[in-house]
Structure formats: structure tokens, C-alpha cells
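Student: I would like to go through the labels used for this model and ask what each one rests on.
Tutor: Then take them one at a time, and set each value against its cut-off.

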Amino acid sequence: MNLRDAIAGTAAAVLMHPDARAYLGQSGAWGQAFMEYARWMSPIGMSPRQISGDCTVLGYDFKQNDRVFFMFGAANRDSSVFEVPDMYDLNRDTGPAIPFGAGPHFCAGAAASRVLIAEVALPQLFAGFPDLELTEAVRWGGWAFRGPLSVQVRRGG
Ligand code: HEM
């Protein structure tokens with residue numbers, strides 16, 4: 001996962017949501033801004049697995065050696081878990097989200113990413129350039145690796 005994409009993506013999400021930006025200006029809750037971005041965008045949207053033995057999960061039968069894909073992006077926007085899941089919302093509980101996976105393959109870089117992005121990159125970016133504004137709609141792309149294709153900004157007047 002390229003941290004550059006997650007930094008640019010979280011910054012874009014904040015710039016797209018003036019309420020979130022105002023709230024962050026007062027609270028400094030950049031950890032929440034990043035974790036909600038990670039839920040909302042799922043920077044790693046999918047990961048493959050090979051079935052080790054015949055089994056049935058949620059009524060679906062799998063055979064040994066079948067190839068399947070974990071869709072982190074689907075879990076992170078599951079409407080039975082998250083209210084209005086397509087919305088970037090700093091008030092929500094991101095606890096049930098799995099943007100860093102789960103279980104034995106849980107992301108080895110999760111804590112480092114959070115520190116670098118939420119405690120260094122984002123606070124410095126918005127402190128150094130408090131007047132940033134988007135000059136065009138952000139374009140998003142990718143699904144195994146997902147993030148902004150470009151974030152065009154200028155310094156406001
Ligand atoms: C926003 C940033 C990141 C996201 C969203 C992310 C997401 C993920 C996800 C979903 C997995 C699980 C894959 C699976 O179950 O197959 C994973 C695994 C992993 N990540 Fe990250 N990652 C990020 C940053 C990083 C960074 C910065 C590093 C290294 C410094 C890193 C190292 C790893 C490693 C080594 C694994 C494999 C762990 C294993 O299989 O035991 N990640 N990551």
C-alpha cells in the first residue's frame with residue numbers, strides 16, 4: 001500500500017467535506033479522519049485466498065483449492081453494519097471496519113500508517129496550508145489498490 005495515496009486520499013476526503021474540515025480544525029481528530037477514510041475508500045479493496053479444504057460458509061459450498069477473494073471494500077460499506085455507508089462521516093464508529101484485514105494476516109503496517117498519516121502528514125499539511133481548496137472534483141480509481149487518481153488544489157485567497 002502506497003502511503004502517498006492514503007495521505008492524498010484522506011486530504012481529499014477532508015477537503016470535500018467542509019463540516020469535517022471545520023471539526024478537525026477544532027478537534028485535531030486526524031486519527032478518526034484517517035480511519036474513516038480507510039473504511040470509506042478501502043485503500044486495499046481485495047485480497048486472494050485459496051481454500052484449504054472443502055467447507056460451507058454462509059450456505060455457499062467451497063472445494064479444496066478453490067480461489068476466492070476477500071472484498072474488504074464490500075465489508076467496509078456493509079449497510080447492515082454502517083449507516084449510510086457511502087458517506088464519509090467522522091461521527092461514525094469505525095471499529096467494525098476491516099481496512100487492514102483481520103486475523104493472522106492483519107496488516108503489519110497498520111500502526112505505522114496511522115502514526116505517519118494521522119500524527120505527522122495530515123496535521124502538517126493542514127497547518128502549513130490551512131487555505132487549501134479543491135479546484136476540481138476528485139477522481140477515484142482502482143479496487144485492489146484504490147485511491148485518488150488526482151487531487152487538484154490551490155491556495156485560497
Ligand atoms: C493505508 C495503508 C494500508 C492499508 C489500507 C493496508 C491494508 C492491508 C490489508 C487489508 C492487509 C491484509 C491482506 C490480506 O489479508 O491478505 C495488509 C497486510 C499487510 N500489510 Fe498493509 N496496509 C497499509 C499499509 C501498510 C504499510 C505501510 C506496510 C509496511 C510498512 C504494510 C505491510 C503489510 C504486510 C507485511 C502485510 C501482510 C501481513 C501478513 O500476511 O501476515 N501495510 N495490509
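This is a predicted model: local features need pLDDT of at least 70, side-chain atom pairs count only at pLDDT 80 or more; totals for chains, interfaces and linings use all residues.

Student: What share of the residues is buried?
Tutor: Buried residues are 25% of the 157 in the protein. As for contacts between residues at least 6 apart in sequence, 62% join residues at least 24 apart.

Student: How do you know that the length of α1 agrees with its residue count?
Tutor: At 1.5 Å a residue, 14 residues should span 20 Å, and the end C-alpha atoms of α1 are 20 Å apart, so the two agree.

Student: Which residues of α1 are buried, and what covers them?
Tutor: The buried residues are A6, I7, A8, G9, T10, A11, A12, A13 and V14. Their cover includes α2 (18-27), α3, α5 and β7 (147-150).

Student: How does the span of α5 compare with what its residue count predicts?
Tutor: The 19 residues of α5 should span 27 Å at 1.5 Å a residue; the end C-alpha atoms are 26 Å apart, so the value agrees. There is also a bend of about 35° in α5, at I117.

Student: Which residues of α5 are buried, and what covers them?
Tutor: I117, A118, A121, L122 and F126 are the buried residues of α5. What covers them includes α1 and α3.

Student: What makes up the largest nonpolar core?
Tutor: It has 23 residues, and the members touching the most others are I7, A11, A33, F34, Y37, I117 and L122. At least two residues come from each of α1 (3-16), α3 (30-41) and α5 (110-128). The largest contribution is from α3, with eight residues. In soluble globular proteins, nonpolar side chains tend to be buried together.

Student: What does L122 touch?
Tutor: Not counting residues up to four places away in sequence, L122 touches I7, T10, A11, W30, A33, F34 and I117.

Student: Why is strand β1 said to lie largely in the open?
Tutor: Strand β1 covers residues 46-50, and of these five residues the number buried is zero, so the strand lies largely in the open.

Student: How do you know that β1 and β4 pair, and in which sense?
Tutor: A pair requires at least two bridges. Between β1 and strand β4 (residues 67-71) there are five, in the antiparallel sense. R49 stands opposite V68 in β4.

Student: Where is I51, and what makes it partly exposed?
Tutor: I51 is in the loop between β1 and β2 (55-57). It has 14 other C-beta atoms within 10 Å, and is therefore partly exposed, the cut-offs being 20 or more for buried and 12 or fewer for exposed. Beyond its neighbours within four places in sequence, I51 is in contact with F62, K63, Q64, N65, D66 and V68. The C-alpha atoms of I51 and E136 are 44 Å apart, and the two residues are 85 apart along the chain.

Student: Is S42 buried or exposed, and what is its phi?
Tutor: S42 lies in the loop between α3 and β1. With 24 other C-beta atoms within 10 Å against a cut-off of 20 or more, S42 is buried. Its phi is near 45°, a positive value in a residue other than glycine.

Student: Is V84 buried or exposed?
Tutor: V84 has 9 C-beta neighbours inside 10 Å, and the limit for exposed is 12 or fewer, so V84 counts as exposed. V84 lies in the loop between α4 (72-76) and α5. Its phi is positive, about 40°, although V84 is not a glycine.

Notes
Residues are numbered from 1 along each chain as its sequence is written. A nonpolar core is a set of buried Ala, Val, Leu, Ile, Met, Phe, Trp, Tyr and Cys residues joined through C-beta atoms within 7 Å. Helices (H or I, at least four residues) and strands (E, at least two) are DSSP runs, numbered from the N terminus. Two residues are in contact if their C-beta atoms, placed from the backbone, lie within 7 Å. The expected span of a helix is 1.5 Å times one less than its number of residues. The bend at a residue is the angle between axes fitted to the seven residues ending there and the seven starting there.
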